[in-house]
Every structure is written in C-alpha cells, then in structure tokens.
Amino acid sequence: RGMSITVNGKQMEQFETVQQLLVHYSLENRIVIVEVNEDIVMKENYETTSLSHGDVVEIVHFVGGG
C-alpha cells in the first residue's frame, strides 16, 4: 500500500504539499484554514509545506450564505 495521510478523518493517498491537496479538493481559491498535525499552516506556506506518510490534516473552509 502506498503512502497515506488522514484528511478530516478520512485516510487518503498522500500529496506532496498542502497546495496540491487543496487543488485536489478545488479549494485553492477559497478561504480555508489548514492544520497539519495540529499546527496551523499559513497560506503563504501552502506550497512549501510538505506532507509525509501518516500526517493528520484538517481543512476547514467557509461556505457563504445566509
């Protein structure tokens, strides 16, 4: 089995960076909060923050409405 990470409680294939993960979910242009292993990742670091096997990622995105 390949390398995997956990995203919002679900195990999935590993992406190299936070940015690649956001593109996969079509969230790269949305306002999101990304946490990797309980540390918040700043937006300017999405492309340089590597993901490793076993990392736990939480993505919170905001949905407009009212």
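I take a polar contact as a pair of N or O atoms within 3.5 Å; within protein, one must be able to donate a hydrogen and the other to accept it, and residues adjacent in sequence count only if both atoms are side-chain atoms. The model is predicted, so I note that local features need pLDDT of at least 70 and side-chain atom pairs pLDDT 80 or more, while totals for chains, interfaces and linings use all residues. Residues are numbered from 1 along each chain, and side-chain values use heavy atoms, without hydrogens or water.

**Ser4.** I looked up Ser4 and found it in strand E1, residues 4-7 (strands are DSSP runs of at least two E residues, helices of at least four H or I, numbered from the N terminus). Ser4 counts as buried because its relative accessibility is 7% (buried is under 20%, exposed over 50%, partly exposed in between, with a 1.4 Å probe and protein chains only). Its side chain makes a polar contact of 2.7 Å with that of Gln11. Beyond four places in sequence, I list contacts of Ser4 (heavy atoms within 4.5 Å) that include Met12, Ser52 and Asp55.

**Core.** I then checked the largest nonpolar core, which has 16 residues (buried Ala, Val, Leu, Ile, Met, Phe, Trp, Tyr and Cys joined through side-chain atoms within 4.5 Å). Leu22 and Val34 are among those with the most contacts inside it. E1, helix H1 (18-24), strand E3 (32-36) and E5 each give two or more residues to this core. Leu22 also touches Tyr46 and Ile59, among others beyond four places in sequence.

**Met42.** I placed Met42 in the loop between strands E4 (39-41) and E5 (56-61). At 46% relative accessibility, Met42 is partly exposed.
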